[in-house]
Amino acid sequence: MKAEILKPYGNAVMYQMNQFEMRTDRLIIREYRRTDIDDFLRVVRQPEIYDTTCGIPRNYTRQKAVEWFRYIKSSCRQMKSYEFGMFLKNGGAYIGNVGLINVSMTHNHADISYYIDTAMRGQGLTTEAAKEMLRLGFGYFGFEKISGLCMSINPASRRIMEKIGMKFEGTMRSEILKDGIYYDIDRLSILRSEYFTNSNVESA
Ligand SMILES: CC(C)(COP(=O)(O)OP(=O)(O)OC[C@H]1O[C@@H](n2cnc3c(N)ncnc32)[C@H](O)[C@@H]1OP(=O)(O)O)[C@@H](O)C(=O)NCCC(=O)NCCS
């Protein structure tokens, strides 16, 4: 089926009946394809990703991945959440996941989420992808607010949120129970008005 262009957006072009694809300096951020499943499993199975996330099972089976690929495809079409693969522009390797999830059309709000291959950390790549999610969320979808949640024991995730201009809202105490331990969750957010007026967003 021939794709119909919905709306131009920055470096990306959105297609109806086709796929979201965005390009940053170093990344291609796009919807998953069936052929990504082995690369996806290689990264999502890393224990370091399990340790500081809430919805990812410790033993991520191939069947679970197949189901998740189906789920994200349909939730994207239903405008409930948008999860993308991060790929290096240089060479095309799959390196992680980024997305806007828990979309509320009622409140015009979404949460950001991300994780990256342990081998690719500390290079600002997730921050680059997260900035692109703000551009998508505010520039394309027109959200009023984008939030981020991280376990308080995860300073790298909180730092990403700070670098993209989010402000600390507070800590939800003993919010999640993971492997028998209760963890606090920090919540940060950025409003549409802050995104478009805060000159520090790009340079923080
Ligand atoms: C959190 C995560 C996405 C960071 O990815 P990354 O690509 O290394 O992030 P970036 O390089 O863009 O930025 C990380 C920032 O955190 C800082 N940081 C890293 N470890 C830190 C620590 N222990 N304490 C404080 N800051 C830390 C880095 O120095 C960098 O900040 P800087 O640019 O000011 O120096 C990655 O570690 C990950 O995938 N973790 C597992 C999954 C996860 O926790 N996802 C988030 C769930 S909320």
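**View 1. Ser 157, Ile 160 and Met 161 are the buried residues to look for in H5.** They span an arc of only 95° around the axis (taken from the directions from the helix axis to the C-beta atoms), so they sit on the same side of H5. "Buried" here means 20 or more other C-beta atoms within 10 Å of a residue's own, "exposed" means 12 or fewer, and "partly exposed" is in between, with C-beta atoms placed from the backbone. Over on the other side of H5, Pro 155 and Ala 156 are exposed. Helices (H or I, at least four residues) and strands (E, at least two) are DSSP runs, numbered from the N terminus. By the way, this is a predicted model: local features need pLDDT of at least 70, side-chain atom pairs count only at pLDDT 80 or more, and totals for chains, interfaces and linings use all residues. Residues are numbered from 1 along each chain as its sequence is written.

**View 2. Here is the shell around the ligand, with 21 residues.** Elements giving two or more residues include helix H2 (47–51) and strand S7 (109–116). H5 gives the largest share, five residues.

**View 3. Phe 20 sits in the loop between strand S2 (12–16) and strand S3 (21–23).** Phe 20 counts as partly exposed because it has 18 C-beta neighbours inside 10 Å. Glu 31 is 11 residues away along the chain, yet the C-alpha atoms of Phe 20 and Glu 31 are separated by 5.9 Å.

Methods:
Near = placed C-beta within 6 Å.
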